[in-house]
Amino acid sequence: MLNQDSPTTVKSISSDAMSDEICEYIQRELLPSDAKVELKSDDDLLSIEYLDSMQFIRLVQFVEDRFKLVIPPEDLLIDNFQTVRQLSGYLSEQLAKS
């Protein structure tokens, strides 16, 4: 796991490492422990039956806290959150701007 206290670590994290960390979080914290889902970065997050609206909010909170970003309401779009890969791409773009 990456050092969450280092801002330089957050800015220099690769998109693949970001995807892995987000997948691990979803698997560990949002899916039931008995879920038979092996989440991959290209899986459709919005079609996973275990990821409801409250879990989606927890995911947004996690990425904001972990990657030191604020995601404005207008960016809470399917295009940014459909898959972990799309989410990582969005986050990488936002980190590059900050």
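How many aromatic pairs does a search of the whole structure find? The search finds two, in a model that is predicted.

## Overall architecture

The secondary structure of the protein consists of five helices and zero strands. Read from the N terminus, the order of elements is α-α-α-α-α.

Of the 98 residues in the protein, 40% are buried. Among contacts with a separation of 6 or more, 60% are between residues 24 or more positions apart. The accessible surface amounts to about 5,900 Å², and carbon and sulfur atoms account for 51% of that area.

## The two aromatic pairs

A pair of aromatic rings is described by the distance of the centres and the angle of the planes. The search of the whole structure gives two such pairs. For tyrosine 25 and phenylalanine 62, the ring centres are 3.9 Å apart and the planes are at 5°, so this pair is stacked. Tyrosine 25 belongs to helix H2 (residues 15–30) and phenylalanine 62 to helix H3 (residues 53–66); the pair links distant parts of the chain, 37 residues apart. Tyrosine 25 and phenylalanine 62 are both buried.

The rings of phenylalanine 56 and phenylalanine 81 are paired edge-to-face, with 5.1 Å from centre to centre and 65° between the planes. Because phenylalanine 56 lies in helix H3 and phenylalanine 81 in helix H4 (residues 78–81), this pair ties together parts that are 25 residues apart in sequence.

## Burial of phenylalanine 81

Is phenylalanine 81 buried or exposed? Phenylalanine 81 has a relative accessibility of 2% and therefore counts as buried, the cut-off being under 20%.

Key
Residues numbered from 1 in each chain as written. Predicted model: local features only at pLDDT ≥ 70, side-chain atom pairs only at ≥ 80, totals over all residues. Heavy atoms only, no water. Phe/Tyr/Trp six-rings, centres within 6.5 Å; stacked < 30°, edge-to-face > 60°. Helix = DSSP H or I, 4+ residues; strand = E, 2+ residues; numbered from the N terminus. Buried < 20%, exposed > 50% of the residue type's maximum accessible area, 1.4 Å probe, protein only. Contact = heavy atoms within 4.5 Å. Areas by Shrake-Rupley, 256 points an atom, 1.4 Å probe, with all protein chains shown as cover.
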